[in-house]
Amino acid sequence: SSGINAEWPLRPGGPGGPPAVLMVHGLDSTMNPSRLFNIFCMYGDVNKIKFLMTKKGIAMVEMKNSRGADNVLNHLNRAKVLGSQISISPSKHREVVVYNSAPGILEDGSENVQVFVNSRFLRYSTEKKAAKNRLVDPSKILHFFALPLEVDEDFVLKLLEDKGCPTPTSISMHKSEVCSAGLLEFDSTEEAMDTAAIANHMQGTHKGTRYLMKIAFTGKKSMPVENYEEAKPTAAVKAKDKKEDEVEINLSRNFND
C-alpha cells in the first residue's frame with residue numbers, strides 16, 4: 001500500500017512523525033474507546049480516542065505517529081467488528097481535543113473520551129516492544145498470552161464466555177517458563193475481531209494470582225500445532241458434533257483428548 005502519510009501536509013519529524021488523527025465511521029453502539037483501543041493498539045500506539053456525541057457511530061483516534069496510523073488504515077479499514085463494517089480515513093485535525101468539555105456518556109455507560117498516552121498496554125513505546133509485533137491482517141485465529149502458568153484451556157474458555165465473546169471452535173495452549181499462551185480459532189475473522197475488541201487486556205485474579213490476558217492477530221488462516229499442544233475442540237463444538245466425531249477429526253485439525 002502507498003500509505004496515507006501524503007494525506008497529512010506539514011508533518012515533518014523523526015521516525016514515525018508527529019501525531020496523526022484518524023476518523024472511524026460505522027461503529028456499533030456496543031463499541032467504546034477501550035474496545036477500539038484493544039484492536040488499534042496492535043498496529044501502533046494510541047494517544048487518545050473520542051467518540052462523537054452529536055454523530056453516532058463515529059470516533060476520532062489520535063495515533064502517536066503517522067506510521068501507526070498507516071498501519072491501522074492498511075490493516076483495519078473495511079473490517080467487520082461487533083456487527084458493523086468500519087470505515088477509516090485520515091482526518092484534517094492535527095490532534096484530538098479532549099479537555100474542553102465534560103465527557104459524554106455512551107450507550108454502554110462508558111465515557112466517550114479516553115486518554116491512553118501513559119497506558120501500560122502500549123505495544124510500540126520502545127523499539128524492543130515494537131519489534132515483537134507482527135503487522136498482519138486480522139484472521140480467524142488469535143494468539144493469546146501473558147496468562148499465569150497454572151491456568152488451562154477451560155479457564156480461558158470460561159473467561160471468554162463470561163465476557164460474552166463468540167465461542168472458539170478450537171484452542172491450543174503452550175507453557176513457557178513464565179506464562180501460558182495459546183491460539184484460539186473461530187468460525188470467522190469477524191468473531192475473532194469481536195473477541196479481540198472485548199477480551200484483549202482482560203484482568204482479574206485466579207487463585208490469588210493477578211492475571212492479564214493479551215491478544216494479538218496471527219494472520220494465520222488454519223490452526224498450526226507446532227510448539228503447541230494439539231488443538232482441542234471446545235465443549236460447544238464437542239456437543240454439536242458428538243455424533244460425528246470421526247468426520248469432525250478428518251475434516252478439521254482438531255483432536256479429542
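Two strands are said to pair if DSSP finds at least two bridges between them. The legends below describe close-up views of a predicted model.

**View 1. Strands β1 and β3 run antiparallel in the predicted model.** Strand β1 covers residues 20-25 and strand β3 covers residues 59-63, and five bridges join the two. Within this pairing, Met-23 stands opposite Met-60 of β3.

**View 2. Five strands form an open sheet with antiparallel pairing.** The strand order is β6-β1-β3-β2-β7. At the edges lie β6 (87-90) and β7 (113-115), each of which pairs on one side only. From one strand to the next, the twist averages 20°.

**View 3. Helix α1 packs on the sheet.** This helix comprises residues 33-40 and touches β1, β2 (46-51), β3, β6 and β7. The direction of α1 makes about 140° with that of β2.

View 4. For the protein chain, the mean pLDDT is 85, and 81% of the residues reach 70 or more.

**View 5. The whole chain provides the setting for the close-ups.** The protein chain contains seven helices and 13 strands. Of its 257 residues, 48% are buried. Among contacts with a separation of 6 or more, 72% link residues 24 or more positions apart. The accessible surface comes to about 13,400 Å², and carbon and sulfur atoms account for 49% of it.

Methods
Residues numbered from 1 in each chain as written. Predicted model: local features only at pLDDT ≥ 70, side-chain atom pairs only at ≥ 80, totals over all residues. Heavy atoms only, no water. pLDDT = per-residue confidence, 0-100. Helix = DSSP H or I, 4+ residues; strand = E, 2+ residues; numbered from the N terminus. Buried < 20%, exposed > 50% of the residue type's maximum accessible area, 1.4 Å probe, protein only. Contact = heavy atoms within 4.5 Å. Areas by Shrake-Rupley, 256 points an atom, 1.4 Å probe, with all protein chains shown as cover. Axes fitted to C-alpha atoms, helices over the stretch in contact; angles between N-to-C directions.
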